[in-house]
Amino acid sequence: MTTPVCTSASNAATLSLPYAPYPSFASYVKARQPVLLRTARSLTANPCDAEDLLQTALTKTYVAWERIEDHRALDGYVRRALLNTRTSQWRKRKVDEFACDELPEPDGAPAGDPAEQQALHDAMWRAIMKLPARQRAMVVLRYYEDLSEVQTAEVLGVSVGTVKSAVSRALGKLREDPELEPVR
């Protein structure tokens with residue numbers, strides 16, 4: 001441990017500063033709550049959980065108020081309480097996943113006959129190819145390329161309303177196509 005070069009100066013500095021900058025717990029909370037709440041919010045995703053976390057940490061601080069020797073370091077104490085409390089909450093969280101021998105997922109829907117699927121695929125493309133070029137382009141962009149109406153309008157250089165009405169007309173024609181009757 002090193003001793004100060006000028007012990008009288010360091011003693012005078014210590015005596016001139018008030019030992020407790022916050023005379024009471026209530027004044028500390030009133031002065032520092034916004035800053036500490038920001039810290040709590042950085043530890044949790046939910047603002048309500050952050051408020052609860054801060055209240056828990058402040059409760060722990062209140063219980064230890066008389067034992068805290070240096071009240072100038074209260075922010076550090078409360079931040080450590082915040083972090084420790086959050087860590088404890090994280091460790092105690094309920095885990096809903098358990099290791100097991102068998103997969104709990106039910107078997108998927110029975111796969112259809114690959115020949116029937118291919119026939120349906122071919123019939124769909126023949127029906128799409130019967131559409132006018134503009135409607136065909138919009139249907140392909142919307143449903144096969146998975147573009148939004150806005151993106152489809154930008155690609156084709158038309159308005160969003162044009163895309164909506166053309167796609168609606170195209171889907172109506174596809175619903176009426178006799179080749180797609182077995183799907184309905």
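**Close-up views of a predicted model**

**View 1. An arginine sits over a tyrosine ring.** Arg-142 lies over the face of Tyr-143, 5.4 Å from the centre of the ring. Like every view here, this one comes from a predicted model.

**View 2. Phe-25 and Tyr-62 form an aromatic pair.** Searching the whole structure turns up four aromatic pairs. In the one formed by Phe-25 and Tyr-62, the ring centres are 5.1 Å apart and the planes meet at 65°, so this pair is edge-to-face.

**View 3. Tyr-28 and Trp-65 make a tilted pair.** Here the ring centres are 6.2 Å apart and the planes stand at 45°, so the pair is tilted. This pair also links distant parts of the chain: Tyr-28 is in helix H2, and Trp-65 is in the loop between H3 and helix H4 (74-92), 37 residues apart. Both Tyr-28 and Trp-65 are buried. Now put this view together with the previous one: ring pairs join Phe-25, Tyr-28, Tyr-62 and Trp-65 into a cluster.

**View 4. Thr-61 is a buried residue of helix H3.** You can find Thr-61 in helix H3, and at 0% relative accessibility it counts as buried. Where does a polar atom of the Thr-61 side chain find the backbone oxygen of Ala-57? The two atoms lie 2.9 Å apart. Setting aside neighbours within four places in sequence, Thr-61 is in contact with Phe-25, Ile-68, Tyr-77 and Val-78. One of these, Phe-25, is also a member of the ring cluster.

**View 5. Asp-146 has a positive phi.** Most residues other than glycine have a negative phi. Asp-146 is not a glycine, yet its phi is positive, at about 60°. Where is Asp-146 found? Look in the loop between helix H6 (133-144) and helix H7 (149-156). With 64% relative accessibility, Asp-146 counts as exposed, because residues over 50% are given that word.

Terms used. Residues are numbered from 1 along each chain as its sequence is written. This is a predicted model: local features need pLDDT of at least 70, side-chain atom pairs count only at pLDDT 80 or more; totals for chains, interfaces and linings use all residues. Side-chain values use heavy atoms; hydrogens and water are left out. Rings of Phe, Tyr and Trp (its six-membered ring) pair if their centres lie within 6.5 Å; planes under 30 degrees apart count as stacked, over 60 as edge-to-face and the rest as tilted. Helices (H or I, at least four residues) and strands (E, at least two) are DSSP runs, numbered from the N terminus. Buried means under 20% relative accessible area, exposed over 50%, partly exposed in between (1.4 Å probe, protein chains only). A charge sits over a ring if NZ of Lys or CZ of Arg is within 6 Å of the ring centre and within 35 degrees of the ring normal. A polar contact is a pair of N or O atoms within 3.5 Å; within protein, one must be able to donate a hydrogen and the other to accept it, and residues adjacent in sequence count only if both atoms are side-chain atoms. Contact means heavy atoms within 4.5 Å.
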